[in-house]
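Thanks for making the time this morning. I would like to walk you through one structure, and I will begin with a question once it is on the screen.

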Amino acid sequence: MSPVDQIQLNFNPASLQALNLVLAIIMFGVALDLRVDDFRRVLRAPWAPGIGLLCQFLLMPAFAWLVLLWLEPLPSIALGIMLVAACPGGNVSNFFTSLGQGNAALSVSMSAISTLFSIVMTPLNFMFWARLNPATAELMRSIEIAPAQIFSTVLTILIIPTLAGMLTAHFRPAWARTLITPMRRLSVVFMLVFMGGALISNFDNFLDYVGVAFWIVLVINAAALSLGYGVSRLARLDPRDARAVAFETGIQNSSFGLLLVFNFFDGLGGMALICAWWGVWHLISGLSLALFWSRRVPALAAAPT
């Protein structure tokens, strides 16, 4: 076994339950700002969100798989990348899109759709691409995870809180308006406290092994952001739409990936390291790109005919 997989992270069952709760609270808070109209908007104008979902659920995992075949990292590192690539978009993508003068409405719509699709697409994508790589396929055979187990976790941690938030917004809009701002702030505080505590308790491991994950996460995250934007422009999307698709493709819900690592892979060191570092790095890369775009007003482009 590789030294990175022998990392003993300080993450007990109580910590796992706390992460479950934090992620569920975050998804509930995000969903308070979602409306049925977000889904109707997709049906009325499906081209842009369709391109975005294609990038997120097909091109991103496929590209990650190709890069992993080329770089040949440790199997557990590769498996961590495939898991992150299969996760739905992270909730901060909406903020980055707005800051970067992208189409925030499209970003919100895509986040809602991708979260609902993730109940099927996350386990299927992860199982499919991980088993196509000879190195990770061997590791997967030693773990033997049933897709139904991941379906259940996606449903419990992502889908149910999202639906609960949307139902609250629909039937109690006054409550939702009151809760949106404090829930957003609490979500950020909860995640910062949780991730900060995890980092402090595992700081030596982080310093020892972050170099293993740094470059591969940087390369694949940069490629994902570029892929989302480039494919969108080739599909003749408006630059504002292309910016939204870029963030939805490159900003992943790595917290959910970390939860899956501890639920189903016994905290396998390489996988946990990738998910944890992706969660840090995509905030840096996403914010940097958003600030860069915030100073550049996007030109309008003709919609495809």
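In which hand of crossing, left-handed or right-handed, does H5 pass H6? Before I answer, please note that this is a predicted model, in which local features need pLDDT of at least 70 and side-chain atom pairs count only at pLDDT 80 or more, while totals for chains, interfaces and linings use all residues. Residues are numbered from 1 along each chain as its sequence is written, and side-chain values use heavy atoms, with hydrogens and water left out.

The answer is that H5 passes H6 in a right-handed crossing, where right-handed means that the near helix is turned clockwise from the far one by less than a right angle, and left-handed that it is turned anticlockwise. Helices here are DSSP runs of H or I with at least four residues, numbered from the N terminus. The axes of H5, residues 92-99, and H6 come within 9 Å and cross at roughly 165 degrees, with axes taken as lines fitted to C-alpha atoms over the stretch in contact and angles running from 0 to 180 degrees between N-to-C directions. H5 and H6 are therefore roughly antiparallel, a term for angles over 145 degrees, whereas under 35 counts as roughly parallel, 65 to 115 as roughly perpendicular and the rest as oblique. Their contact, meaning heavy atoms within 4.5 Å, is made by Ser-93, Asn-94, Thr-97 and Ser-98 of H5 and by Ala-104, Ser-107, Val-108 and Ser-111 of H6. These residues divide into two nonpolar, six polar and no charged, if Ala, Val, Leu, Ile, Met, Phe, Trp, Tyr, Cys and Pro count as nonpolar, Asp, Glu, Lys and Arg as charged, and the others, Gly among them, as polar.

H6 also meets H3, residues 47-71, and the two axes come within 10 Å and cross at roughly 25 degrees, which makes H3 roughly parallel to H6. This crossing is right-handed, and among the residues that meet are Phe-57 and Trp-65 in H3 and Phe-117 and Trp-129 in H6. By class, the contact of H3 with H6 has 14 nonpolar, five polar and no charged residues.

A search of the whole structure finds one cavity of 30 Å³ or more, a cavity being a set of points on a 1 Å grid over the protein atoms alone where a 1.4 Å probe fits but cannot get out, with lining residues having an atom within 4 Å of a point. About 80 Å³ of space lies in the largest cavity, counted as the space filled by probe spheres set on points joined across faces, edges and corners. Of its 13 lining residues, Met-27, Val-30, Asn-91, Ser-111 and Thr-115 are the closest to the centre, and helices H1 (13-31) and H6 (104-132) each give two or more residues to the lining.

Notes. 1 Å grid on protein atoms, 1.4 Å probe; cavity = no way out; pocket = protein on both sides within 12 Å on 5 of 7 lines; lining within 4 Å.
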